[in-house]
Amino acid sequence: MKYLKFLLPLAIFLGLAAFLAAGLKLDPKEVPSPLINKASPAFQLTRLDDPASTIRRDDLMGKVWVLNVWASWCVACQAEHPLLVEFASKKMVPIYGLNYKDERVAGLRWLSRYGNPYTASLFDEDGRVGIDWGVYGVPETFVMDRQGVVRFKHIGPLTPEVIRDQVEPLVRQLNG
């Protein structure tokens, strides 16, 4: 019994130390998405530029597509935007925007000012569709396959390296 008094705290300490050591090896920028390799959430939203026109997830089935979540009030979105414009000019894949928790006029003004890389931008004024997609904040980018399955998620602004090393190869593979 004497040894139990010392072994129990030692075992608890070693367990906590192992748990913390494992946590130190994780990348804090990498947040796993429960959507990866699962069907993308269904949605039906109006277009930012045309409130009378709606787009549904089912309208996008049969093609590989990218969803970029953005907002006019997002500073990181502004930094990412020139890369999206450049990527869109390659015409590798249609890019759809999800204008998240924004005002329609502000979003339209922002696209007019910085350029519009989107095939269409969907207007998610209250953020409910963003919540369905597991959006933590803006910007976030998703790549979907022809069956509407989420194959990639990037949290934060895209970089040239992420586009070159992850998005473009995946899009080529899914289109191949």
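**Salt bridges and sheet in a predicted model**

Good morning. I begin with D59, which has a relative accessibility of 39% and therefore counts as partly exposed (buried is under 20% relative accessible area, exposed is over 50%, and partly exposed lies in between, with a 1.4 Å probe and protein chains only). The model is predicted: local features need pLDDT of at least 70, side-chain atom pairs count only at pLDDT 80 or more, and totals for chains, interfaces and linings use all residues. Residues are numbered from 1 along each chain as its sequence is written, and side-chain values use heavy atoms, with hydrogens and water left out.

D59 forms a salt bridge with R56, at 3.1 Å from N to O (the term requires a side-chain nitrogen of Lys or Arg within 4 Å of a carboxyl oxygen of Asp or Glu). R56 is itself partly exposed, at 34% relative accessibility. A network of salt bridges links R56, R57, D58 and D59. By this rule the model has 9 salt bridges.

Let me now turn to the overall fold. The protein chain has 5 helices and 7 strands, taken as DSSP runs of at least four residues (H or I) and at least two (E), numbered from the N terminus. Their order along the sequence is α-β-β-β-α-β-α-β-α-β-β-α. Of the 176 residues, 42% are buried.

Five strands make up an open sheet of mixed pairing, in the order β5-β4-β3-β6-β7; two strands pair if DSSP finds at least two bridges between them. At the edges stand β5 and β7, each pairing on one side only. From one strand to the next, the twist averages 20 degrees. Helix α2, residues 75-89, packs on this sheet and touches β3, β4 and β6, and its direction makes about 160 degrees with that of β3. Touching means heavy atoms within 4.5 Å; axes are lines fitted to C-alpha atoms, for helices over the stretch in contact, and angles run from 0 to 180 degrees between N-to-C directions. Helix α5, residues 160-175, lies across β6 and β7.

How many residues of β4 are buried? The count is 6 of 6, so the strand is largely enclosed by the rest of the structure. I95, G97 and N99 lie on one side, with Y96, L98 and Y100 on the other. Strand β4 pairs with β3 in the parallel sense over 5 bridges, and N68 stands opposite G97.

Two further salt bridges deserve attention. E168 meets K90 at 2.6 Å, N to O. E168 belongs to helix α5 and K90 to the loop between α2 and β4, so the pair ties together parts 78 residues apart in sequence. E168 is buried at 8%, whereas K90 is partly exposed at 45%.

K153 sits in strand β7 and E140 in strand β6, 13 residues apart. Both count as buried, K153 at 14% and E140 at 0%. The bridge partner of E140 in β7 is I155, within an antiparallel pairing of β6 and β7 over 5 bridges.

Finally, which side chain of opposite charge is nearest to D124? R128 is the nearest, 7.2 Å away, and D124 is buried without a salt bridge; here Lys and Arg count as positive and Asp and Glu as negative, while His and the chain ends are not counted. D124 lies in strand β5, and the residues it touches include L45, Y100 and K101.

Definitions and conventions
Lists of a residue's contacts leave out its neighbours within four places in sequence.
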